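Subject: Structure handover

Hello,

I am passing this structure on to you. Please open it alongside this message.

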Amino acid sequence: MALKRHSLIPERLRRRAERQYLIARAVNRRRALKPVVDRTARIGKGAILAFVTLRNERERLPYFLDYYRRLGIDHFLFVNNDSDDGSGAYLRDQPDVSLWWTRASYKKSRFGMDWINWLLLRYGTGHWCLTVDPDEFLTYPHCDSRPLQALTSWLDGSGRTSFPAMLLDMYPQGDIEDTPYEEGGDPFAIASWFDPANYTISKNSYYGNLWIQGGPRTREFFRADPLAGPALNKIPLVKWHWRYAYVSSTHMLLPRQVNLVYDEDGGEQASGCLLHAKFLSTFARKSEEELDRRQHYADSQEYQAYHAGLRKGTNLWCSESREFRDWRQLEDLGLISRGNWA
Amino acid sequence: MTGAVRLGVVLLCHTQLDMAARMARIWAAGGARVVIHVDAKAPADAVAGLKASLGDLDGILYSRRHRCGWGRFSLVRATQDAAEALLAAHPDLTHVYLASGSCLPLRPVGDLLDHLALDPHRDHIESVNALDVGWTVGGLNEERFTFYYPLDWRRQRWMFDRLTNLQRALGIRRRVPKGITPHLGSQWWCLTATTLRAILEDPRRAEFDRYFRSTWIPDESYFQTLARRHAIRIESQSLTLAKFDHDGKPYQLYDDHALLLEESRCFVARKVWHGAAGLMAQFPKAAPGNGSHALPQPQRFERLINRTVRRRLLGRPGLYMQSRFPRKDCENGKTSAPYAVFQGFADIFPDFETWLGGHVEADVHGHLLGPDEVEFAGRPEIGPGAISSSTALRDRDPHGFLTGLIRITPRMQVFQFSPRDNQAMNWFMATDPNAQFHVVTGAWMLPLLGSEMPFDDVRRVAAQLQRAELAQLDILNSVWVKARVQVHELTDFLARPQAIMQAALQQLQVPTQPVDDLPPMRDMTGLAELLRQLRNSGLRPRLTGEGLPQVEPRPIDEMMPERTAAE
């Protein structure tokens, strides 16, 4: 974080300064993005936009685009961080994709968030914006019968500007390498298992968000050092305003009230999940590559841990894992909630 | 047209005019006369589109357009104008239905006409006396009628609240015009033309309009109040199915509600989400067989809404998640199910966990909060709900650990506890009505007996554990305790273990085996000696109780000072 926690300046002012810094930074880094194909003129009023940064995710893209088109995303804005596997060429030919290319450092652009903040600022204002990675798949209450537009118009009607979706790590039964992922296939046909109830929550009073950890990664790779485990709290769906900025990945935003997506009086707000299709056969290669690049959070500590763990032939499945059925199952388990969206 | 009923419909439209056009078409196709009021804020091209798409239907009227603000008198004005236009154009109408552009007729209009024909002089308008509290949801009730509301609640909320508070402080009470009693109700009604005409042509209408102009949300009270003045018979239930949530916002209807709506047998439902193409394709739908006379039964639908409101306001007990993270003491249930904590028993009976597991229908764990390992029953590395047995992970969020475990397991959870364990949950468990504590104080001393540790270490450990248990007992004896707590001193327990055990097991309220045998007890030789040594080293044992059998009485014991009253 840019500013010290314990200072005499009131927290509100510090948060505002940080927000302005993040926005200025995003504006400043816009030059790193080279437009490849710009179809943003086609974005209509009320369109739902998706913002994605990627690097070498070619084989995931067909299913990803297909999934989100079906859900109701009207336009995709991609930042291609110097892929060399044909991702760029594939995306360029999609009718509902605008694409930017950059060679700049992922790490030095705050793990891509500077680029995304800029695109959000430029194109997102007034739209519901979904910011996800290519391996994150949004699921929410009633998602089998109601498109994303139904959710966003309900959120609008309830006066809400953001919708939380915790990251739910999905993994296959058996070794991750065993079943190869085929392009275009449903990753959750392979990685269909998840941890039902081992999530830890604490509140970050400065930003107002909840910090959620746990799941298979923490249970397997961070047993001894739980604080180092990956954060699972995410607020990917936001009705964007140019004054907003993502602080750290999509875990939290500024201003603070956008992070207040939970009820503190005992009630339940509506929430969803981002199903995380990270642990597929593509993972080992990816983690090796990322480990070489050292472009990830905290010196890729996560990737080091996975790599050490995965080398030993660890598999994430355990007898307490649950097989994913549908959103109702997630709701019964208390991972998501319909709130008052009947 | 069925019988003598000739229906007119006032359609209030704001946005989503394409959906409004579909609704108008449904009404017109059913034989109703339709007048459409379009909010003056709607863009001109959308209005032109609406008119064009309905161009093939003759007899659709468009009333004078007003700018409508939520909760303002403009909505009433729009209704009045539209109704006047409708009655003037079609003087033969017998009934007028007020609907919106997102009110979907669920049953054929003919069914509605049949229903109205059952008693042609009855007005269908929900009308509840405003003094009988409880009709409104999330807002003012009686004060709607006694204060002035010149401001828009949606756009000028801050000033609105200030003004309301000011009037409250000043004790302002507006006088209600003579001859009317404020009534409230759903804004969607079906009045007979006679009643509606009487309201519109009332000689005192100007006075009433002036009064209602500065009440709050007059569209829920104007016709509801004046109908009481003019109607012959009022059926105080709206024919439109419209439920509000705790904020007073109408529930939207989606494709997946189709079955529920069909079963409700209601005539009209609101508010349909503009993208619910399935609903609009499916309804209105004639009931199979002889169902055209079926009466509306909205109860099941209302139950669904009430359930959702409860979920939003109270949530699920014992659930902590990304969108429910209650503050301390706002939990509406700290945990989701009963659980029991046994403290000291496992120190007295080394095999207690196994023995108890065989006697009760419950998951009996070891020391879940223990210092070395999370001792799940059977000691798996990964416990129920994929909760890790790592103590570091558990201590990261012990609340989440315990509540998660209790929520994910179907059976009652029973676990061992001792002053050696993580004490972070003491207040939480003690103030949780789902918790049961069965405590034998001072039993933590027994494992020290067999230890080969030097006496200095024993004394240090004993001092720590005694301090921990005393702190815990302070909590268990406080006035905030909600758990069921049974505390026995070690000596009391040893005097009659079987009876105490039996009572404890009965309290669990799960099927239990009778206690006719106890597990083997730990060897207690040397306990009195250890206590004596501790006492002599300056550490007064306070938790084991009095009256331990004195195995080796020594003269020196008689020299010990008596406990003073202060102790």
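Below is what came out of it, from confidence to chain contacts to local packing.

**Confidence**

This is a predicted model. Its scores are ipTM 0.90 and pTM 0.86. Chain B has a mean pLDDT of 86, with 93% of its residues at 70 or more. Within the elements of chain B, strand β13 (residues 339-343) has the highest mean pLDDT, 94. Helix α23 (residues 555-558) of chain B has the lowest, 42. Please treat one stretch of chain B with care: over residues 551-567 pLDDT stays under 50. The model has five contacts beyond four places in sequence for that stretch.

**Where the chains meet**

The contact between the chains involves 47 residues of chain B and 51 residues of chain A. On the chain B side, α12 (299-313), α15 (391-396) and α16 (398-408) each supply at least two residues. Helix α12(B) gives the largest share, seven residues. By class, the side of chain B that touches chain A has 21 nonpolar, 13 polar and 13 charged residues.

**Chain B**

One helix pair in chain B is worth a look. Helix α7 (residues 193-200) and helix α9 (residues 222-230) of chain B have axes that come within 9 Å. The axes cross at roughly 105°, so α7(B) and α9(B) are roughly perpendicular to each other. From α7(B), the contact uses B:Thr195, B:Ala198 and B:Ile199. From α9(B), it uses B:Phe223, B:Leu226, B:Ala227 and B:His230.

Chain A has an open sheet of seven strands with mixed pairing. The strand order is β1-β4-β3-β2-β5-β12-β7. Strands β1 (34-37) and β7 (162-163) of chain A are the edges, each pairing on one side only. Inside the order, β2 (residues 48-54) and β5 (residues 128-131) of chain A run parallel, joined by four bridges. A:Leu49 sits opposite A:Cys129 of β5(A).

Which strands does α4(A) touch as it packs on the sheet? They are β2, β3 (75-81), β4 (97-102) and β5 of chain A. The direction of α4(A) makes about 160° with that of β2(A).

**Chain A: helices and hairpin**

Helix α4 (residues 113-124) of chain A also meets helix α1 (residues 11-28) of chain A, their axes coming within 8 Å. The crossing angle is roughly 90°, so α1(A) and α4(A) are roughly perpendicular to each other. A:Leu22, A:Ile23, A:Arg25, A:Ala26 and A:Val27 make the contact from α1(A). A:Asp114, A:Asn117, A:Trp118 and A:Leu121 make it from α4(A). The contact of α1(A) with α4(A) has six nonpolar residues, one polar and two charged.

Strands β10 (residues 199-203) and β11 (residues 210-214) of chain A pair in the antiparallel sense over five bridges. A:Ser202 has A:Trp211 of β11(A) as its bridge partner. Six residues lie between β10(A) and β11(A). In the turn, A:Gly208 has a positive phi of about 85°.

Best wishes

How values were computed: Residues numbered from 1 in each chain as written. Chains lettered and ligands numbered in written order. Predicted model: local features only at pLDDT ≥ 70, side-chain atom pairs only at ≥ 80, totals over all residues. Axes fitted to C-alpha atoms, helices over the stretch in contact; angles between N-to-C directions. Parallel < 35°, antiparallel > 145°, perpendicular 65-115°, else oblique. Contact = placed C-beta atoms within 7 Å. Nonpolar A, V, L, I, M, F, W, Y, C, P; charged D, E, K, R; others polar. pLDDT = per-residue confidence, 0-100. Pairing = 2+ DSSP bridges.
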